[in-house]
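Q: I'm new to this one. Can you walk me through it?

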Amino acid sequence: MPAASDDIFADAMRIAILLRLLQRQETEQAGTALPAWRLTRVFRHVEEHLGEPITLHDMAAAAGLSRMHFAAQFRAATGQRPHDYLLRRRIERAQSLMRDEGASLVDVALSVGFQTQAHFTTVFRRICGETPHRWRSRERRLQDEGAA
């Protein structure tokens, strides 16, 4: 008859093996980063279509991958989700357009792919910490001070 210590040892070994297998599976699922050439294709696609609706499927297709593989590899390569990257690019483009005093905020919002000014304002505030109107006013003050 086996001793109780033998049963405990066998259980400990089973747990150790199971933990090692789980760690290995997690490492394999984390995947690799999106190769630079695929990332460049995605960045180019986003820049060319920034004013249009862009879906995860569109970005994955530009990379030549399925949505699931693309999302994981994109995040491994950039440290951010594809949708977050897209929103940041839209806001960055909006900021450059907002430096032109003639462009209305509605026109800016629509030209960078937002469906409404309200959504644009919400995302802008979350990313920049202030509304587009306040950001634009601050930028103008800074430009005026720099010109003086």
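What follows is a short chat about this structure.

Q: Before we start, what kind of model is this?
A: This is a predicted model.

Q: Okay. How many helices and strands does the chain have?
A: Eight helices and zero strands. Read along the sequence, the pattern is α-α-α-α-α-α-α-α.

Q: What is the radius of gyration of the chain, and what would a compact globule have?
A: The chain has 24 Å. A compact globule of 148 residues would have a radius of gyration near 15 Å.

Q: And what does the C-alpha trace span along its principal axes?
A: About 90 × 35 × 30 Å.

Q: How much of the chain counts as buried?
A: Of its 148 residues, 28% do. The chain exposes about 9900 Å². Carbon and sulfur atoms supply 55% of that area.

Q: What share of the contacts comes from residues 24 or more positions apart?
A: They account for 56%, counting contacts with a separation of 6 or more.

Q: Let's switch to charges. How many positive and negative side chains are there?
A: There are 21 positive and 18 negative ones. The centres of the two sets lie 2 Å apart.

Q: Why would such side chains pair up at all?
A: Opposite charges can pair when the charged atoms of the side chains come close.

Q: How many salt bridges does the chain have?
A: The count comes to eight.

Q: Give me one. What does Asp-11 pair with?
A: Asp-11 forms a salt bridge with Arg-14. Their closest N and O atoms are 2.5 Å apart.

Q: Where do Asp-11 and Arg-14 lie?
A: Both are in helix H1, residues 4-30. They sit three residues apart, about one turn of the helix.

Q: Is Arg-14 buried or exposed?
A: Arg-14 is exposed, at 52% relative accessible area.

Q: Next one. Which residue forms a salt bridge with Asp-84?
A: Arg-81 does, with the closest N and O atoms 3.1 Å apart. Asp-84 counts as partly exposed, at 27% relative accessibility. Arg-81 is partly exposed too, with 42%.

Q: What about Arg-89? Which residue does it form a salt bridge with?
A: With Glu-92. The closest N and O atoms of that pair are 2.4 Å apart.

Q: How are Arg-89 and Glu-92 placed in helix H5?
A: Helix H5 covers residues 82-98, and the two are three residues apart in it, so about one helical turn separates them.

Q: Is Arg-89 buried or exposed?
A: Arg-89 is buried, because its relative accessible area is 17% and buried means under 20%. Glu-92 counts as partly exposed, at 42% relative accessibility.

Q: Which residues join Arg-89 and Glu-92 in one network?
A: Glu-47 and Arg-93. Salt bridges that share partners link the four residues.

Q: New topic. Where is Gln-73 found?
A: In helix H4, residues 67-78. Gln-73 counts as buried, at 16% relative accessibility.

Q: What does Gln-73 touch?
A: Leaving out residues up to four places away in sequence, Gln-73 touches Thr-32, Ala-33, Leu-34, Pro-35 and Leu-65.

Q: And how far is Gln-73 from Trp-135?
A: Their C-alpha atoms are separated by 34 Å. Along the chain they are 62 residues apart.

Q: Now Phe-43. Which helix is that in?
A: Helix H2, residues 36-48. Phe-43 is partly exposed, with a relative accessible area of 28%.

Q: Which residues is Phe-43 in contact with?
A: Phe-74, Thr-78 and Tyr-85, leaving aside neighbours within four places in sequence.

Q: How far apart are Phe-43 and Gln-115 in space?
A: They are 21 Å apart, C-alpha to C-alpha. In sequence, 72 residues separate them.

Q: Last stop. Where is Arg-141 placed?
A: In helix H8, residues 132-147. Arg-141 is partly exposed, with a relative accessible area of 47%.

Q: How far is Arg-141 from Leu-65?
A: In space, 46 Å from C-alpha to C-alpha. In sequence, they are 76 residues apart.

How values were computed. Residues numbered from 1 in each chain as written. Predicted model: local features only at pLDDT ≥ 70, side-chain atom pairs only at ≥ 80, totals over all residues. Heavy atoms only, no water. Helix = DSSP H or I, 4+ residues; strand = E, 2+ residues; numbered from the N terminus. Rg over C-alpha atoms; globule rule 2.2 N^0.38 Å. Buried < 20%, exposed > 50% of the residue type's maximum accessible area, 1.4 Å probe, protein only. Contact = heavy atoms within 4.5 Å. Areas by Shrake-Rupley, 256 points an atom, 1.4 Å probe, with all protein chains shown as cover. Lys, Arg positive; Asp, Glu negative; His and termini not counted. Charge placed at Lys NZ, Arg CZ, Asp CG, Glu CD. Salt bridge = Lys/Arg side-chain N within 4 Å of Asp/Glu carboxyl O.
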